[in-house]
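User: Hi! Could you walk me through this model? I'd like to start with the charged pairs.

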Amino acid sequence: MQATSLLIRAKARGVMIATAESCTGGLIAGAITEVPGSSAIFDRGFVTYSNAAKMQMLGVKEASLDRWGAVSEEVAAEMAAGALAASDAQIAVSVTGIAGPGGSAHKPEGLVCFGLATTERVRTQSHEFGAIGRPHVRAGTVMHALDLLLDALDQFPVKN
């Protein structure tokens, strides 16, 4: 349902979307492209599970990874900005997190950092889903990312 709403709203605004995914491994792109007609609004997705992929494909700085770690709002911001720059999209969402099992006291299992880039700005936020299990963290991350994209579309006018 969210992806269908995303298709309708983005298409009405002439907006293309890109994704940059780590912990979801392409599930956000998969959810969007599950909807018939999604080629009208989905430009491309980057699955950057390794730090090397984040640097090579999205331009994430090695210094950021060293200082903040892959699971950080700083890296999520660079991922989203990199996806926007490397695509023909007007909105890019990024996710990087600890789906589980594992984690630490500072970065617990279920912590996911989100980035959302438009031509105007880059925003970030973190969400702690908790130690609810890998499939549930990943599914929750997809839903939250789609919600972020839906909200971001409000800044774009509907085309006549």
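Analyst: Happy to. A salt bridge here is a side-chain nitrogen of Lys or Arg within 4 Å of a carboxyl oxygen of Asp or Glu. This is a predicted model, where local features need pLDDT of at least 70, side-chain atom pairs count only at pLDDT 80 or more, and totals for chains, interfaces and linings use all residues. Residues are numbered from 1 along each chain as its sequence is written, and side-chain values use heavy atoms, leaving out hydrogens and water.

User: Good. How many salt bridges are there by this rule?

Analyst: The count comes to four. In one of them, the side chains of Glu78 and Lys61 meet at 4.0 Å, N to O. Glu78 lies in helix α5 and Lys61 in the loop between α3 (51–58) and α4 (62–68), so the pair ties together parts that are 17 residues apart in sequence. Helices (H or I, at least four residues) and strands (E, at least two) are DSSP runs, numbered from the N terminus.

User: Is Glu78 buried or exposed?

Analyst: Glu78 counts as buried, at 16% relative accessibility. The cut-offs are under 20% relative accessible area for buried and over 50% for exposed, with partly exposed in between (1.4 Å probe, protein chains only).

User: And which residue does Asp154 form a salt bridge with?

Analyst: Its partner is Arg9, with the closest N and O atoms 2.4 Å apart. Asp154 sits in the segment after α6 and Arg9 in helix α1, so this pair links parts 145 residues apart in sequence. Asp154 is exposed at 52%, while Arg9 is partly exposed at 25%.

User: Since you mention α1, which of its residues are buried?

Analyst: They are Gln2, Ala3, Leu6, Leu7, Ala10 and Arg13. These residues pack against β1 (17–21), α2 (27–33) and α6 (134–152), where contact means heavy atoms within 4.5 Å. On the face turned away from the buried side, α1 carries the exposed residues Ile8 and Lys11.

User: What is Lys11 in contact with, leaving aside its neighbours within four places in sequence?

Analyst: Lys11 is in contact with Ala40 and Ile41. Its relative accessible area is 56%.

User: Changing topic: what is the strand order in the open sheet?

Analyst: The order is β2-β1-β3-β4-β5, five strands with mixed pairing. Two strands pair if DSSP finds at least two bridges between them. β2 (42–47) and β5 (122–128) stand at the edges with a single partner strand each, so one side of each has no neighbour in the sheet. Strand β4 (residues 111–118) runs antiparallel to β5, joined by seven bridges, and Gly115 has Thr124 in β5 as its bridge partner.
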